[in-house]
Amino acid sequence: MRSVRVADERNDEGLERELERRRRQRYRSIAIALALGALVLLFYIATIVRLGGNVLNRPL
Amino acid sequence: MVDKSIKADSQVLASEAGGTVGDFIALMKPRVMSLVVFTALVGLVVAPGEHHPVLSAIALIAIAVGAGASGALNMWYDADIDARMARTAARPIPRGHVTKEEALAFGVVLAIFSVMTLGLVVNWVAGALLAITIGFYIFIYTMWLKRRTPQNIVIGGAAGAFPPMIGWAAVTGTVSVESILLFLIIFFWTPPHFWALALYRSRDYERVGVPMLPVVAGGDETRRQILIYSALLAPLGAAPGFIGLGGVAYLAASIILGAILMALAVKVYRVREGREADRAAKELFGFSLLYLFLLFAVLLVEHLVRALIAG
């Protein structure tokens with residue numbers, strides 16, 4: 001009976017750790033996605049700024 | 001007893017679960033980053049010529065991320081001594097939240113992205129200077145000098161002195177006398193600033209074998225060197241006022257701030273025993289931060305006011 005309870009407690013601990021690991025992994029993934037999104041946006045804005053008025057000055 | 005087991009459990013949990021986003025931000029040394037961004041901003045604003053605000057903002061972001069990369073790579077290399085020093089024991093690697101390999105990968109990726117972004121979006125002189133800054137901090141300071149010579153922070157301080165020069169280069173695309181002067185101010189500011197800290201933290205450095213000047217040459221020699229560097233820094237701090245980079249307000253502020261710095265350096269030199277000696281060193285350390293901040297802040301405000309008046 002006692003060994004069953006100890007095993008249950010260990011399972012609970014293992015589950016808790018796994019949930020925490022997944023939670024942190026999810027937050028890290030979101031942070032990486034946001035950083036990459038920001039980088040894309042940054043290069044897009046930089047391109048527009050660099051081109052400036054010249055974007056309209058091209059042969060049609 | 002219960003507290004200890006909870007603490008141990010949370011550490012095991014942390015090391016198994018990997019670092020949080022906050023741990024990775026801590027790897028970038030946000031406080032150092034803020035000083036780097038501020039001095040780079042001053043370089044950007046005081047540089048002659050027009051610069052699009054968006055490109056300036058991107059330049060500052062790239063410089064900040066480059067500084068963060070340096071911080072992460074420094075923590076990767078110094079993880080062994082960080083764990084044994086009170087000031088650094090709570091960093092993410094010694095606490096087991098982030099592995100050394102993760103810190104290395106994080107630092108390398110940030111370094112590449114920051115240099116490439118600055119080079120591609122702004123200009124390659126600024127990009128090259130950022131690459132030199134990161135390389136200097138990691139290879140010259142962290143890997144080569146820090147554990148070998150008491151002159152570690154004198155030469156290594158150059159890495160911290162580059163940001164205003166990068167900001168200046170972002171606008172002008174060049175390196176000039178004015179930006180070299182801003183570089184020199186931070187370069188000569190670094191030794192008295194860090195040696196003041198090392199005076200009352202020397203046991204920490206001694207324990208981990210980092211040859212900081214108080215550990216190798218003793219407190220007296222450190223105090224003499226602090227005085228010499230402060231005496232060089234005070235007139236150097238006022239120099240922008242004489243070459244037209246700073247105006248009357250800057251000149252007045254730099255002279256007053258330089259005088260206070262010298263007074264505190266003299267106090268450190270004279271008071272060598274007991275708690276008073278530690279207090280004097282702490283005062284100098286604290287004021288040196290304020291000194292650099294105010295010097296650059298006055299320069300910044302003066303240029304912004306001038307730009308506003310000029311319309």
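Student: How many residues does the contact take from chain B and from chain A?

Tutor: In this predicted model, the two chains meet at one contact. Helix 1 (2-17) and helix 4 (53-77) of chain B each supply at least two residues of the side that touches chain A. The contact takes eleven residues from chain B and twelve residues from chain A.

Student: Which classes of residue make up the side of chain B that touches chain A?

Tutor: Sorted by class, this side of chain B has one charged residue and three polar residues. The remaining class on this side of chain B is nonpolar, with seven residues.

Student: Why is chain A described as more spread out than a compact globule?

Tutor: The secondary structure of chain A comes to one helix and zero strands. For 60 residues the globule rule gives 10 Å, and chain A is well over that value, so it is more spread out than a compact globule. Its C-alpha trace spans about 85 × 15 × 5 Å along the principal axes. The radius of gyration of chain A is 26 Å.

Student: What percentage of the residues of chain A count as buried?

Tutor: A residue is buried if 20 or more other C-beta atoms lie within 10 Å of its own. Of the 60 residues of chain A, the share that counts as buried is 2%.

Student: Which residues have the most contacts inside the largest nonpolar core?

Tutor: The largest nonpolar core has 92 residues. Helix 10 of chain B gives the largest share of this core, 14 residues. The residues with the most contacts inside the core are B:A59, B:A72 and B:I166.

Student: Which residues does B:A59 touch, not counting those up to four places away in sequence?

Tutor: B:A59 is among the residues with the most contacts inside the largest nonpolar core. With residues up to four places away in sequence left out, B:A59 touches B:L44, B:L118, B:V122, B:A126, B:G167 and B:A170.

Student: Against which helices do the buried residues of helix 14 of chain B pack?

Tutor: Helix 14 covers residues 274-310 of chain B and reaches 54 Å from its first C-alpha to its last, close to the 54 Å expected. Its buried residues include B:L284, B:F285, B:Y291 and B:E302. These buried residues of helix 14 pack against helix 3 (30-46), helix 10 (177-208), helix 12 (218-242) and helix 13 (248-270) of chain B.

Student: What ipTM does the predictor give the complex?

Tutor: Chain B averages a pLDDT of 92, and 95% of the residues score at least 70. For the complex, the predictor gives a pTM of 0.87 and an ipTM of 0.74.

Methods: Residues are numbered from 1 along each chain as its sequence is written. Chains are lettered from A and ligands numbered from 1 in the order in which they are written. This is a predicted model: local features need pLDDT of at least 70, side-chain atom pairs count only at pLDDT 80 or more; totals for chains, interfaces and linings use all residues. Helices (H or I, at least four residues) and strands (E, at least two) are DSSP runs, numbered from the N terminus. The expected span of a helix is 1.5 Å times one less than its number of residues. A residue is buried if 20 or more other C-beta atoms lie within 10 Å of its own, exposed if 12 or fewer, and partly exposed in between; C-beta atoms are placed from the backbone. Two residues are in contact if their C-beta atoms, placed from the backbone, lie within 7 Å. Ala, Val, Leu, Ile, Met, Phe, Trp, Tyr, Cys and Pro count as nonpolar, Asp, Glu, Lys and Arg as charged, and the others, Gly among them, as polar. The radius of gyration is taken over C-alpha atoms; the globule rule is 2.2 Å times the number of residues to the power 0.38. A nonpolar core is a set of buried Ala, Val, Leu, Ile, Met, Phe, Trp, Tyr and Cys residues joined through C-beta atoms within 7 Å. pLDDT is the predictor's confidence in each residue, from 0 to 100.
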